[in-house]
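Here is a short report on charged and aromatic side chains. Keep the structure in view as you read.

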Amino acid sequence: MRRTRTVLAVGAVVVALAMVLSPTAAGASTHYPPRPHVPGAERFLRGWAVPVSTKGPAWYDLSFFHRVLRAGANGVRAPSGARLPTAVGLAYPGIRPGLWLVTVTTKPVGFAWCTANFVFRKSTTWGLGTAGHCAAKDALGGYPDVTAYVVPPVGSGKLPGFYHVGRFALSHNNGIGDDFAMISIYAKFNAWVNPTMPVWGGPTGVYTSNKPTLAKHFGHGAAVGTGGTPRAGVCPILTARKGTAFAWYGVGAPGDSGSGVEAALGEALGDFTHIVILDGVPGQILPGMLAGTRMAKILLIASGWTLRLGSLIPA
């Protein structure tokens, strides 16, 4: 991830249109639309969008991170007095879709708040997806460790807290339609993995149609959805970026980055990675839409990994 994000929530097209029509930035290139006055806006092709990751909690510093790494399978409780998300998401046990992730960033050095999407499998290794811009490489070019807030399964004897669950195995951070990362889960946590999405259940398969559908996601947005909140919208665009991207009308916020999106009947649509300010490809994605990478593209990025299906009952 190239930088941490300030809080931004978009719930309607009119909000983004107002931002697009804001005064031009001084010195903006005449070859591109002017930079919008939106925190975190980045250029993609000839347009602008906001990657929806944000910075980790203030108390999650380098010292706390190293405590989590040293704790192994015991995990670490949040510091006394720390404000934690307090919604339905933290009540669901296991390493699963919708998990609250805190990952290392390098530009600048810090921690990113993101969300897990779906569970995958490669031979005997379990994987967990998120956004590619949540997986900044370290100074030596390697992918960093991943920590997450986990409610351990009943009977495990462990307490809810932050656990060092794995490392990034791959990452694509190339904008809308090519933004995905895979976390390789450590074998000691294999029994904790659950592929079922909270609240919605599923995924039941992969959505391959280009027909409009309901879009359902479950993320840990810092402004909307903190603690893990289910949200739904309408997805009319499934052929953007030569079919690698999709877009829908809904509510999202930084912290939602990477969260899994399902269609009406529970098929995996893809991941949520950006809020579009102004698309650089005319006629594809409208201002104010939420956008991400389609599942077919994700499976190409994650060659050798297979999507694991979840129960229709979100236990």
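Is Asp-256 buried or exposed? Asp-256 is buried, because its relative accessible area is 0% and buried means under 20%. The model is a predicted one.

## Salt bridges

Side chains of opposite charge can pair when their charged atoms come close. The structure holds three salt bridges.

Asp-256 pairs with Arg-231 in a salt bridge, and their closest N and O atoms are 2.8 Å apart. This pair links distant parts of the chain. Asp-256 sits in the loop between β13 (245–249) and β14 (260–262), while Arg-231 belongs to strand β12 (residues 229–239). The two are 25 residues apart. Arg-231 is buried, with a relative accessible area of 9%.

Asp-279 forms a salt bridge with Arg-241, with 2.7 Å between the closest N and O atoms. Asp-279 lies in the loop between β15 (268–278) and β16 (290–294), and Arg-241 is in helix α3 (residues 240–243), so the pair ties together parts that are 38 residues apart in sequence. Both Asp-279 and Arg-241 are buried.

Arg-167 and Asp-145 also meet through their side chains in a salt bridge (3.0 Å, N to O). Arg-167 is in strand β9 and Asp-145 in strand β8, 22 residues apart. Which of these counts as buried? Asp-145 does, at 16% relative accessibility. Arg-167 counts as partly exposed, at 32%.

## A positive patch

Arg-67, Arg-70, Arg-77 and Lys-158 form a positive surface patch. Where is Lys-158? Lys-158 is in the loop between β8 (145–150) and β9 (161–173). Lys-158 is partly exposed, with a relative accessible area of 30%.

## Aromatic pairs

A pair of aromatic rings is described by the distance of the centres and the angle of the planes. How many aromatic pairs does the structure hold? There are 18 aromatic pairs. One of them joins Trp-59 and Phe-64 edge-to-face, at 5.4 Å centre to centre and 85° between the planes. Trp-59 and Phe-64 are both buried.

Tyr-60 and Phe-162 form an edge-to-face pair too, at 5.4 Å centre to centre, with 65° between the planes. That pair links distant parts of the chain, 102 residues apart. Tyr-60 is in the loop between β3 (54–55) and α2 (62–71), and Phe-162 is in strand β9. Tyr-60 and Phe-162 are both buried.

## One cluster

One aromatic cluster takes in Trp-59, Tyr-60, Phe-64 and Phe-162, among others. Its members also include Phe-65, Trp-100, Phe-111, Trp-113 and Tyr-149.

Notes:
Residues are numbered from 1 along each chain as its sequence is written. This is a predicted model: local features need pLDDT of at least 70, side-chain atom pairs count only at pLDDT 80 or more; totals for chains, interfaces and linings use all residues. Side-chain values use heavy atoms; hydrogens and water are left out. Patches are made of residues with over 30% relative accessible area and no salt bridge: like charges are joined within 9 Å, nonpolar side chains (Val, Leu, Ile, Met, Phe, Trp, Tyr) within 5 Å. Accessible areas come from the Shrake-Rupley method with a 1.4 Å probe; for residues, only the protein chains shown count as cover. A salt bridge is a side-chain nitrogen of Lys or Arg within 4 Å of a carboxyl oxygen of Asp or Glu. Lys and Arg count as positive and Asp and Glu as negative; His and the chain ends are not counted. The place of a charge is taken as NZ of Lys, CZ of Arg, CG of Asp or CD of Glu. Helices (H or I, at least four residues) and strands (E, at least two) are DSSP runs, numbered from the N terminus. Buried means under 20% relative accessible area, exposed over 50%, partly exposed in between (1.4 Å probe, protein chains only). Rings of Phe, Tyr and Trp (its six-membered ring) pair if their centres lie within 6.5 Å; planes under 30 degrees apart count as stacked, over 60 as edge-to-face and the rest as tilted.
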